[in-house]
Amino acid sequence: MLNAGFVSGWLGLSRHMIRSVSLPLVLFACLLSASGLTAHAQSLPTPLPPAAKPDPNAPSTSREEPIINLLDREPEPLFSDTLVPYAPARSATTGIAEGLDQGALYLMAKLTPDSTPLNDGLIWRIYSETTNTDGRLQLVATSQGGDAEFRLDPGTYLVHTAYGFAQATNRIVIGKEVQSKMLTLNAGGIKFGAALKDGEDLDDRIVSFDVFGREFDERGERDLIASNVKPGSIVRLSADTYHVVSRYGDVNAVIRADIQVLPGKLTEATIFHKAADITLKLVNERGGEAIANTTWSVLSPGGDIVVEATGAFPDFVLAEGEYEAIARNNGRTYLHTFEVSPGEDREVEVVTSMAELAGQQDTVSSN
């Protein structure tokens, strides 16, 4: 049998020990709980600020040849993947990127790998890779100006970039991530001008330029790239050599030249014409009034018709050389041979009197 006093004392001591040990245990449990909460809190994703847009000075890969026709063959990539990542806008409250069901595509373009990104003049078009019922590519989105940002559903797309007449097409696969691409157009331009052989500027005259590719198709024709370009205009083109046709007037003053376009360079091309503006008059005597209702034909030395017209003052720009003017009026026909010298614009009189005609022919023969 245990002594009652001993039992009572042992129980009191036990209660004291339990009270003294319980407080550290409680504190230790609380610390464990707090540590677990802290670790759990640190494991949660923290909202990140938007990253900067791609660095314009980042290097890009070398360019491959662009696609000429989307339906002829598979597009070839011209994009560079060396840009820093670009993050779309994030929600200020949740920190989760908006539009999680779509991908973000950020695009920029340069003329050459070493040039700065273009800030204007670009046209971006995004097409679905699959065709519609009409056999055409479906236009999904478009943007104009410099760089462009698109939000697209996951899938495969064709990105068409145009800078004037310089164009490129790329194939890209879009997921739910963010992509940034730099396109190298490898393009330049031509600034057109026209002058006479003595250097007189023709920019205020009736001069135009047509730009063709150098290669011939199966019909023996060149592809027309740009038409009716006026002097002083700048045409943006992919780096290549082009066949340029310049017309002064509407008859036979035509000059052709092959012009090379270098990447990132503006080529100033001045075409020199050897022609003059000629006005024809049928008169009864030298210096007389022009006779109305006259029909005209201008022939080459070989007898080919160069141009025809009706009126008292027909006006033509003719290339240098010798011509024969035939005037028909009131059932009579009158002939006169004349010369065209480059830059010497003048009137050519055809007289009706036999004496004047004989004098004109003698003058031509003596020359």
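User: Which residues does S246 touch, not counting residues up to four places away in sequence?

Analyst: In this predicted model, S246 touches V207, S208, F209, A253, V254, I255, I271 and H273 once residues up to four places away in sequence are left out, where a contact means heavy atoms within 4.5 Å. Residues are numbered from 1 along each chain as its sequence is written, and side-chain values use heavy atoms, with hydrogens and water left out. As this is a predicted model, local features need pLDDT of at least 70 and side-chain atom pairs count only at pLDDT 80 or more, whereas totals for chains, interfaces and linings use all residues.

User: Why is S246 called buried?

Analyst: The relative accessible area of S246 is 0%, and buried means under 20% (1.4 Å probe, protein chains only), so S246 counts as buried. S246 lies in strand β13, residues 240-248, a strand being a DSSP run of E of at least two residues, numbered from the N terminus. Across the protein, 39% of the 367 residues count as buried.

User: What makes the pair S246 and H273 a polar contact?

Analyst: The side chains of S246 and H273 come to 2.9 Å, and a polar contact is a pair of N or O atoms within 3.5 Å, of which, within protein, one must be able to donate a hydrogen and the other to accept it, while residues adjacent in sequence count only if both atoms are side-chain atoms. The pair therefore qualifies.

User: What makes β16 and β19 paired strands?

Analyst: Five bridges join β16 (residues 275-283) to β19, and the two run antiparallel; pairing requires that DSSP find at least two bridges, so the two strands pair.

User: Why do β19 and β22 stand at the edges of their sheet?

Analyst: The open sheet has three strands in the order β19-β16-β22, with mixed pairing. Both β19 (315-319) and β22 (346-351) have a single partner strand, so one side of each is left without a neighbour in the sheet. Neighbouring strands of this sheet are turned by 40° against each other on average, direction ignored.

User: Where does pLDDT stay under 50?

Analyst: The predictor's confidence in each residue, pLDDT, runs from 0 to 100, and it stays under 50 over residues 61-77, for which the model has 34 contacts beyond four places in sequence, and over residues 81-99, for which it has 45 such contacts. The protein averages 78, and 69% of the residues score at least 70.

Technical notes: Buried < 20%, exposed > 50% of the residue type's maximum accessible area, 1.4 Å probe, protein only. Helix = DSSP H or I, 4+ residues; strand = E, 2+ residues; numbered from the N terminus. Axes fitted to C-alpha atoms, helices over the stretch in contact; angles between N-to-C directions.
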